[in-house]
Amino acid sequence: MKRPLIISAIAHAIVLTWGLVAFAARPNNAPPAEPLPVEFVSATEFSELTAGVKNAPKAIDNAKPLADKVGDPKPVKELAPKIADKPEIKTTSTPAVSKPEKTEKPKDKPKPDQIAEALKKDQTKKPQKKPPAFKPDQIAEELKKDEPKKSSPKYDANQIAALLDHREPQRQFATAATLNDAASLGAPNGNAGRLSQSELDALRARLSQCWSPPAGIDANSKLYVTLHVSFKADASLAQEPEVVEDSASSVGPALAESAKRALMSCQPFTMLRPEHYDLWKDIEIKFNSELLGG
Amino acid sequence: MNAADITTSALPLTSSDLSMFHLFWQAHWLVKTVMTGLMVCSVWVWAIAIDKTFLFRRIRKSGEGFEQAFWSGQSLEELYTSLAAKPGHSSGVLFVAAMREWKRSLEGHARSFAGLQMRIEKVMNVAIAREIEHMERWLLVLATVGSAGPFIGLFGTIWGIMTSFQSIAASKNTSLAVVAPGIAEALFATAIGLIAAIPATIFYNKFITEVNRQAQHLEGFADEFTAILSRQIDERG
């Protein structure tokens, strides 16, 4: 039994040393993924982005419409090589449209002249043919015969070409590939203002006066309710406030009711200035223990 | 913890920290004990396996040689004198035991044929039992390691995972860099348990089958030999 034991021990030692070499953990060669920074922009922050920049260059200096071309767009060879600017197809002063008329007129004008000459010929011919029996009725009949000839314009197939549009086929761009990114002075309504601190404090003070919270809400409790309130222009409630969010608690409904009652009983809120109506037309008010303390 | 912190804390885990040696060395002492025990078991199992393989090969060879000699028509007396000093294994031992009893009964002055057959049977049964006991020796170790090895390894794993969870709780950080080494070392215990248990189970099944085959063979030979001896007794008696 001794020999097999030695053989076995040696074999295990060999396997273990092999394992030490072969089973060393190989770290992943893949480079660690670059962390991608993601920033959350709240709705208010986003609306504030529309606020203009006071020291922005004047729009006249680089007066380009926002969606105007910045560089020359690539011409498409298959369609037409020529690219015209938009103003060329103005219809009021028409240098382009008048062209074909000019070319047509010389060909159209001869027609009446020819007819007049024909008439003259006829008139000169007729006296020659029948000089002795000159009857006014006959002249009238002759005239009647000639008249249809005068009025019907000659149909000439060769002149159809003159009616065609001789302008070269062309494309007109709507927008170029890149947009003009010049900053503007700001949108007219992009003031993105806020209720002033004094207005907020006044509103808070008023609400804390009016609010009688249900039992179980003291300065330490973390219960809250957020109401969405719509105001009319005279700072009274436009409709019954809606609960947006409240803390999960059995007191929750009572809390919301008391908050609604406070809002209803205290209206109108005269501390909200009408010139800022846009700002307080729709607001969310959070009722919590802080409001109680303040 | 931001991404940069994770990468810097993950960096020190180089290949050397997760080698087999480090996995063993960083483990809890209990897990270390389990691993060492299982390693010893593995060595022991393979030693037994090597030993038994040689043993059965020897038994089969000597058995074949003996039976050729036995059925060759050679005189049993001559065979006995040639084998008595060194009976070898299995059938040879049986034959020698039976012949010794036979000789003693004849050598005695009082020829007691009455109980001779029964005595020979008894002697042969004892010889068979001894032979089988010799063959089955240590096989119980194989059976035990085969059945208990995975459980012992699993115990080490559970313990390692417990400590790694404690380290998560202590560092308040669930990044893989904190959890991975503990779990790797824990799983290493199960791996060693399986490494010890799988060969043990396979060898145990193999050797038990071999032992049963040998036992049947011996009993068959014992019956045949008893029949021959009984014929002799009847002829003499």
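In the predicted model, helix 4 (residues 76-83) of chain B packs against helix 5 (residues 91-107) of chain B at an angle of about 110°, and the axes of the two helices are 10 Å apart. Two packed helices are described by the angle between their axes and the distance between the axes. Axes here are lines fitted to C-alpha atoms, for helices over the stretch in contact, and angles run from 0 to 180 degrees between N-to-C directions. Helix 4 of chain B is therefore roughly perpendicular to helix 5 of chain B, where angles under 35 degrees count as roughly parallel, over 145 as roughly antiparallel, 65 to 115 as roughly perpendicular and the rest as oblique. The helices themselves (H or I, at least four residues), like the strands (E, at least two), are DSSP runs numbered from the N terminus.

On the side of helix 4 of chain B, the residues that take part are B:L76, B:Y80 and B:L83, and these meet B:G92, B:F95, B:V96 and B:M99 in helix 5 of chain B. The residues of this contact divide into six nonpolar, one polar and no charged; Ala, Val, Leu, Ile, Met, Phe, Trp, Tyr, Cys and Pro count as nonpolar, Asp, Glu, Lys and Arg as charged, and the others, Gly among them, as polar. Two residues are in contact if their C-beta atoms, placed from the backbone, lie within 7 Å.

This is a predicted model, in which local features need pLDDT of at least 70 and side-chain atom pairs count only at pLDDT 80 or more, while totals for chains, interfaces and linings use all residues. Residues are numbered from 1 along each chain as its sequence is written, and chains are lettered from A and ligands numbered from 1 in the order in which they are written. The average pLDDT (the predictor's confidence in each residue, from 0 to 100) is 82 for chain B, with 89% of the residues scoring at least 70. Over residues 1-16 of chain B, however, the pLDDT is below 50, and this stretch has 17 contacts in the model beyond near neighbours in sequence. The model scores ipTM 0.71 and pTM 0.48.

Chain A contains 10 helices and three strands, which follow one another along the sequence in the pattern α-α-α-α-α-α-α-β-β-α-α-β-α. Of the 294 residues in chain A, 6% are buried, a residue being buried if 20 or more other C-beta atoms lie within 10 Å of its own, exposed if 12 or fewer, and partly exposed in between. Within strand 2 (residues 242-246) of chain A lies A:D246, which is partly exposed because 19 other C-beta atoms are within 10 Å. Beyond its neighbours within four places in sequence, A:D246 is in contact with residues including A:Y224, A:V225 and A:L255.

Most residues other than glycine have a negative phi, and most peptide bonds are trans. A cis peptide bond, with omega about -5°, joins A:Q267 and A:P268, and A:P268 lies in the loop between helix 8 (252-266) and helix 9 (277-280) of chain A. A:A235, in the loop between strand 1 (224-230) and strand 2 of chain A, has a positive phi near 65°. Phi is also positive, near 75°, in B:W138, whose place is in the loop between helix 6 (116-136) and helix 7 (139-171) of chain B.
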